[in-house]
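Subject: Structure handover

Hello,

Here is the structure I promised to pass on. Please open it and keep it in view while you read my notes.

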Amino acid sequence: VYVQPDQRPLAIGKEGQNVRLASKLTQYELDVLDISELKGDVPEAKPTVEGVDQLEDIAPEIAEKLATANLTQTEQLKGLTAKDLATIEGITEEEAVQIVDAVKKIG
């Protein structure tokens, strides 16, 4: 498994517990290597976006509406549809579509 240098400790985990668990679940022996060791084209890593206020194409007013609904992390929005988001007080259908599109961009 090739990871960004700053993500390597996370992939390995405390005393190797993360990589051991991943190996056990996948039934493969896993080695965690630095992505710079990968030969060929290396896809550029997407920037980490955790807070809703960091989403591109989302106006601060929309982020504030989400915060009022206690939705401040992008992980909370993953899997929600525009229809789900439109049920939040103050979020229009158009804003809901913008939110879904912005979350899709970060993966």
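In which loop is Asn70 found? Asn70 sits in the loop between α3 and α4 (74-77). Asn70 is exposed, because its relative accessible area is 57% and the cut-off is over 50%. Its phi is near 65°, a positive value in a residue other than glycine. Most residues other than glycine have a negative phi.

One caution before the rest: this is a predicted model.

**The chain as a whole**

The protein chain has six helices and two strands. Along the sequence, the pattern reads β-α-α-β-α-α-α-α. The C-alpha trace spans about 50 × 30 × 20 Å along its principal axes. The radius of gyration is 18 Å, whereas a compact globule of 107 residues would have one near 13 Å. Of the 107 residues, 26% count as buried. Now take the contacts with a separation of 6 or more: residues 24 or more positions apart account for 50% of them.

**Another positive phi**

Glu15 also has a positive phi, near 55°, and is a residue other than glycine. Glu15 lies in the loop between α1 (8-12) and α2 (17-26). With a relative accessible area of 70%, Glu15 is exposed.

**Where α3 meets α6**

Two packed helices are described by the angle between their axes and the distance between the axes. Helix α3 covers residues 60-68, and helix α6 covers residues 93-105. They pack at an angle of about 90°, and their axes are 11 Å apart. Angles of 65 to 115 degrees count as roughly perpendicular, so α3 and α6 are roughly perpendicular to each other. On the α3 side, the contact is made by Ile62, Lys65 and Leu66. On the α6 side, Glu95, Gln98 and Ile99 make it. These residues divide into three nonpolar, one polar and two charged.

**Glu95**

Look at Glu95 next, which is in helix α6. Is Glu95 buried or exposed? Glu95 is buried, because its relative accessible area is 14% and the cut-off is under 20%. The side chains of Glu95 and Lys65 are joined by a polar contact of 3.0 Å. The Glu95 side chain also reaches the backbone nitrogen of Thr92, at 3.0 Å. Setting aside residues up to four places away in sequence, Glu95 touches Ile62, Lys65 and Gly90.

**Gly90**

Gly90 is in the loop between α5 and α6. Its relative accessibility is 44%, so Gly90 counts as partly exposed. Beyond its neighbours within four places in sequence, Gly90 is in contact with Lys65 and Glu95. For a sense of scale, compare Gly90 with Arg8: they are 82 residues apart in sequence and 41 Å apart in space, C-alpha to C-alpha.

**Asp84**

Asp84 belongs to helix α5 (residues 82-86). Asp84 counts as partly exposed, at 35% relative accessibility. Which backbone nitrogen lies 3.0 Å from a polar atom of the Asp84 side chain? That nitrogen belongs to Thr81. Asp84 and Ala96 are twelve residues apart in sequence, and their C-alpha atoms are 8.2 Å apart in space.

Best wishes

Technical notes. Residues numbered from 1 in each chain as written. Predicted model: local features only at pLDDT ≥ 70, side-chain atom pairs only at ≥ 80, totals over all residues. Heavy atoms only, no water. Axes fitted to C-alpha atoms, helices over the stretch in contact; angles between N-to-C directions. Helix = DSSP H or I, 4+ residues; strand = E, 2+ residues; numbered from the N terminus. Parallel < 35°, antiparallel > 145°, perpendicular 65-115°, else oblique. Contact = heavy atoms within 4.5 Å. Nonpolar A, V, L, I, M, F, W, Y, C, P; charged D, E, K, R; others polar. Buried < 20%, exposed > 50% of the residue type's maximum accessible area, 1.4 Å probe, protein only. Polar contact = N/O pair within 3.5 Å; in protein donor to acceptor, adjacent residues only side chain to side chain. Rg over C-alpha atoms; globule rule 2.2 N^0.38 Å.
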